[in-house]
Amino acid sequence: SRSDYGRNRHVGTTVPSAPASVPEPVALQFRVTEHTPYGSFGAQRWKASIQVRVARRGKRQGWVGNTGQQWGSIHPQWGAPGFSPPQIRWFADMDRMRRDPYGHGTWMNLSEFDSSLLWLHLARAESMGVQLVGEDPKDTIALADAIDPVIDLTATETGGVRLARRVRIDGVVVDMAGIVAVGATGYAANIVDGDHKVLVVGPHGRAARPEETDAIGGEVTVVPGCDLEEFRTTFLAGLIQRAEVLSTDGSVEVPEPVAPVAVLRLEVRGPDRLDAEWWWAYGEAADDAARIPLGSSATVQGIRRDAAAELSILSQVAAVCRRWPRLPMPGAPRERTGRVGDAGRDGDATRRGVPVRGTDVIDLVTGLIPDLTGIDGVRVEVVGELPDLRERTEAPHLTITATASDDSTDWLDLGVTVRVEGVDVPFRDLFAALAQGQDRMILADGTYIRLDQPAFAQLRALIEEADRLSDNPTRPQVSRYDASLWGELEELADETQADTPWIESLATLRALADSGETPAPLPAPEGLVATLRPYQHRAFEWLAFLWHHRIGGILADDMGLGKTVEALTLIAHTREAARGRVREGDAELVRAGAIGSSGAGGCDPEPGRPPFLVVAPSSVVGNWVSEAARFTPHLTVRALTQTRAKHGVPLDAEARGADVLVTSYAIFRLDHAEFAALEWDGLILDEAQFAKNHLTRANQCARALRAPFKLAVTGTPMENSVEELWAVFAIVAPGLLGTRRRFKEDYAGPIAEEAGGFPRPALDQLRRRIRPLLMRRTKEEVAPELPERTEQVIQVELAKAHRRAYDTFLHRERRRLLGLLSDFNANRFAIFRSLTLLRRMALDASLISPQYLGTPSSKLDVLFTQLGDVIGGGHRALVFSQFTTYLRKVAERLDADGIDYAYLDGTTTRRPAVINGFKKGTAPVFLISLKAGGFGLNLTEADYVFLLDPWWNPATENQAIDRTHRIGQTKPVMVTRLVSADTIEDKVMALKERKAALFNAVLDDDGTFSDSLSAADIRTLLGE
């Protein structure tokens, strides 16, 4: 009854009792105001609102505003006279809850509160000692649990219907003098109780709109009986949708409001492309203006939303959608939208749903839609025709093609055709789906295939590998030298097609590499004045196969096995073939794939072929000329030892009529423009480690030179880092190992990061790729008749004076070096200079400073003790050092002892004479600097080798040792390394063992290796 609201109490709300004592009565005072809404500009439109302020007892016991305590100035930290701490916190918390917590002023509008927590806060007022009071002393403020405006229909005595605006407070429908919305969460209703008014405030009990209070024009509206039928058919249905309509006395039958329907609208844009949109629709024929996005609290003109029904449907829809997390959930934003209610008014140009693409379409059509059909209150609308989405289950048929690329002769463009049950699968779409990790793919006819088949997984891996190797990121390519990758593609495909004859060549190469055999037997050229050993003849057949099919390679046989004569035999064979001297049985060789046929990538049978260009170190140019005169005297071989500027003869004149032109790396670099202007039958890089750095001019010139066949001849295609191998292959087989950046990511990077050993998958892949184009045999494999090679390490203890000097110097340099290592690359030169000084100090202190002259060198004493036994036994010895200043000290000692010797370093001008003098003479000792004598020498006359200072590059040491331990040696070879104990030389020996594994892991059978000399290596050398 109305009397329930006539007392100052909380209606329907249980709150704790007030504190025992309150410092001073305080209150939250309410008032109802009317104002012109912002933007009305003087129009006669008024709107009521509820305002509150902080109030205290006045002198006449009335409530007055506390002007000293405006909103925004109440804070627990500042305090307030006459307020208890709980009261201060209560007012401060209320101030922070409003939309704009920084506003000031005495009165605060409750429309600034969007949170429903306001009502819990007001319920705590009494327990905080805060009273809720009205502006008029006669007014009463009461709190309710739920307030909802309603329209009450009652029958009139004349057969009409009375429509009255009323309010339901905590389930009781009562008359009201007015109702005002409080923010978005509640209402304030004026209830008249006798002579005074009661303002009841509280949250609304359902999803309602403040505009419901305007559903009818006045407090009471009467529909006469004559208009009742029209009222029921035209007005009542709309009224029910706009406001809550009831009949408290049951005299009027009120239809149930239209229930909400969750609509999923699908617009088909292709077999794998849909646009999806969720909304609430009230009524079967709801137009676009009546669409409300699921999950939205928006209101639409003319619709009264049923929050309870929506929540029930929405919870069921959300439970289903959670099983399909990639599909559009209720409340997902649309691509383009205007205000709620405007969607669709301009057609598809203004309303687009959430895009559903690819395999998500399969899940939506075959999964989500069937799951939604079992939910009452859900409707699926489809614009267009949904795809069939039948799975094609037959195994795919793969066809892989390779066609000559327009960009480069070294690359072939890959084409992949996939058919499933007679339907073509677009390769680009297929590869994109594979790259994105999709497990299904929709075809053009609306069916789909599964992508989690082994064939597709392998295809993706191979195409990605081809893409990583290619210089052209826009399409997959395969290098014409890559037998390994093409072989894997052939094994995977049901059918392969190629426009060039290289397929058979690569297949043969791959088979030979896998089996360890060589191409079909090929007779040695008639003009060869040598009997090739079996392994040398196999190398010749392999080289001839590469040349005939215009495929480059690396001849990496162990040092001393005759790589030069093998290369000369190849050149003689090419000259013989060019002159048309095809002997009996060659037809079978062509069919067997040993040599190519004319017109199919084979040799030109006509004479007049351009010469071979051989590039070698300056010290080896003369050796090539002499070896050619010895083994292939019928070839015209010319040496170019001066630049064009000095020689004065044009290069084309030198090359005219020659079979071979031999020059040095220096001249090749300086006169590269002239070399590049001529035609060559092939390029042979001897001691190709001179071009192992891709940044050097030698490597760049060799890569740029136009030649149909390029061969690298070296016993050490890499010495420090696997990147050196890439640099050499970039010359002879461009593209085989991909770009340098990709190579670092796939191989060099993992190698450098692997601490406990090389990662086997990457190692196996690298070796598989290079094996067809690299031939390497060790002396132990192919020349077991070579005499035994024995190696020993002699630890030399430093003399006391030498030890003191070394330790002092080491302490100083270690501190300096460790500081430089913080920026290794920037300080590289200074770091290696310090390491060189340490190595010199470990040899002989006088090599560092004259102040140490007279300091004994124990290593010299040990060397001469050893040499005494060697010379006394009738043997001859090679003595190597990297430091010519130390070699000269050895020479001075030999002079003092009257021992004859030969001497060779980088400054020696009569190199051939010095070498021949030792070979034909009787001098028992040959002093050689490691750099000058590490290659191009055959000194089998010596059978002892002394290495005075160890080097961390084992390949360099092995080159020196193999000057004597090579074909032609008949005596056992003894190798002695002299190492200064407890010095940097000890650390170098340990580091060298790690570096030796680099070569074996990639080129031989097994092993692990690390990157080139790094900051960590240097710390190891310093004993850190």
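Select Glu421 in the loop between strand 20 (411-420) and strand 21 (423-425). The model is predicted, so local features need pLDDT of at least 70 and side-chain atom pairs count only at pLDDT 80 or more, while totals for chains, interfaces and linings use all residues. Residues are numbered from 1 along each chain as its sequence is written, and side-chain values use heavy atoms, with hydrogens and water left out.

Check the backbone of Glu421. Its phi is positive, about 55 degrees, although Glu421 is not a glycine. Most residues other than glycine have a negative phi. Glu421 is partly exposed, at 28% relative accessibility. The classes, for protein chains only and a 1.4 Å probe, are buried under 20% relative accessible area, exposed over 50%, and partly exposed in between.

Go to Asp170 next. This residue is in the loop between strand 8 (161-169) and strand 9 (172-175). Asp170 also has a positive phi, near 50 degrees, and is not a glycine. With a relative accessible area of 26%, Asp170 is partly exposed.

Now select residues 178-182, strand 10. Because 4 of its 5 residues are buried, strand 10 is largely enclosed by the rest of the structure. Strands count as paired if DSSP finds at least two bridges between them. Ala181 has Tyr187 of strand 11 as its bridge partner. The hairpin has 3 residues between the strands, and Gly183 there takes a positive phi near 60 degrees.

Ile684 stands opposite Leu711.

Which members of the largest nonpolar core touch the most others? They are Leu613, Phe675, Trp680 and Phe729, out of 79 residues. Such a core is a set of buried Ala, Val, Leu, Ile, Met, Phe, Trp, Tyr and Cys residues joined through side-chain atoms within 4.5 Å. Helix 19 (residues 723-732) gives the largest share of this core, 8 residues. Apart from it lies another core, of 33 residues, including Trp90 and Phe113.

Last stop: the second largest pocket, about 1000 Å³ in volume. Select Asn623, Glu627, Arg630, Asn938 and Arg966, the closest to its centre among 38 lining residues. Helix 13 supplies the largest share of the lining, 9 residues. Helix 11 (563-578), helix 13 (618-631) and helix 27 (911-920) each give at least two. Colour the lining by type to see 12 nonpolar, 16 polar and 10 charged residues.

How values were computed:
1 Å grid on protein atoms, 1.4 Å probe; cavity = no way out; pocket = protein on both sides within 12 Å on 5 of 7 lines; lining within 4 Å. Points joined across faces, edges and corners; volume = space filled by probe spheres on them. Nonpolar A, V, L, I, M, F, W, Y, C, P; charged D, E, K, R; others polar.
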